[in-house]
Amino acid sequence: MKKLQYNSPVILTFFFASLFVLALDAITGGASTLAAFCVYRSPVSPLFFVRLFGHVLGHSGIQHFLGNMTLLLVLGPPLEEKYGSKTLLVGIAFTAVTSGILQCILFPNAALLGASGIVFMLIMLSSLAGMKSGQIPLTLLVAALYLGDHDQVYSILFVRDNVANFMHIVGGACGTAFGFAVAKPRR
């Protein structure tokens, strides 16, 4: 008989933590998410630093959760295998803090939650996975395709739809920067 394998500890733990936060949100009528799992400008609150990391675990509902988690579970395990659990955890934390701080500075009257920035970090990190020493991989075209196809730049400037389009781009930028910083290029 074959056993289940917890083959991607960071990604699977992120998934299960997000699922727990979604269930907790339903049980508390959103109070738990507002308190600890979305980031907004309130640095005087002792929970601000929890929210700075925790906002990536919160989701506005099941559809938001499923959209993010599907891509997370597809992209995350191979990246965790390639770069290692500790490195991927650092990338997730870096992206969470960066997007949280930028949210508070640039959009002080809005809250941010969800793993979209983490997903876009993983997308860009995966585009660098086959990078050779001293070369920039053409697979970074995924950024141009995403920005053009989804009208991200237009949406940042002109659309008010409760989607943190700017933070998608921040997540992608974090993934690109992080990918170049930690990449183990092939020779």
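A residue counts as buried when its relative accessible area is under 20%. Keep that cut-off in mind as we walk through this predicted model.

Is Thr33 buried or exposed? Its relative accessible area is 6%, so Thr33 is buried. And who surrounds it? Setting aside neighbours within four places in sequence, Thr33 is in contact with Val21, Asp25, Cys38 and Leu113.

Now for the nonpolar side chains. In soluble globular proteins, nonpolar side chains tend to be buried together. Here, the largest nonpolar core has 29 residues, and those with the most contacts inside it are Phe14, Met69, Leu72, Ile92, Ile118, Leu122 and Leu125. Two or more residues of this core come from each of α1 (9-28), α4 (62-83), α5 and α6 (116-127). Which element gives the largest share? That's α6, with eight residues.

Pick out Ile92 to see how these pieces meet. Beyond its neighbours within four places in sequence, Ile92 is in contact with Val10, Ile11, Phe14, Ile118 and Met121. There's also another core lying apart from the largest one, and it has eight residues, among them Val39, Leu52, Leu112 and Met167.

Helix α6 deserves a stop of its own. How many of its twelve residues are buried? Eleven are, so α6 is largely enclosed by the rest of the structure. The buried ones include Gly117, Ile118, Phe120, Leu122 and Leu125, and also Ser116 and Ser127. You can check the length of α6 too: at 1.5 Å a residue, its twelve residues should span 16 Å, and the end C-alpha atoms are 17 Å apart, which agrees.

Finally, let's head to the surface. Ile101, Ile105, Leu106 and Phe107 form a nonpolar patch there, with about 340 Å² of accessible area together. Ile105 belongs to helix α5 (residues 85-106). With a relative accessible area of 52%, Ile105 is exposed, because exposed means over 50%. The C-alpha atoms of Ile105 and Arg41 are separated by 7.8 Å, although the two residues are 64 residues apart along the chain. Phe107, another member of the patch, is found in the loop between α5 and α6. Its relative accessible area is 32%, so Phe107 is partly exposed.

Conventions
Residues are numbered from 1 along each chain as its sequence is written. This is a predicted model: local features need pLDDT of at least 70, side-chain atom pairs count only at pLDDT 80 or more; totals for chains, interfaces and linings use all residues. Side-chain values use heavy atoms; hydrogens and water are left out. Helices (H or I, at least four residues) and strands (E, at least two) are DSSP runs, numbered from the N terminus. Buried means under 20% relative accessible area, exposed over 50%, partly exposed in between (1.4 Å probe, protein chains only). A nonpolar core is a set of buried Ala, Val, Leu, Ile, Met, Phe, Trp, Tyr and Cys residues joined through side-chain atoms within 4.5 Å. Contact means heavy atoms within 4.5 Å. The expected span of a helix is 1.5 Å times one less than its number of residues. Patches are made of residues with over 30% relative accessible area and no salt bridge: like charges are joined within 9 Å, nonpolar side chains (Val, Leu, Ile, Met, Phe, Trp, Tyr) within 5 Å. Accessible areas come from the Shrake-Rupley method with a 1.4 Å probe; for residues, only the protein chains shown count as cover. A salt bridge is a side-chain nitrogen of Lys or Arg within 4 Å of a carboxyl oxygen of Asp or Glu.
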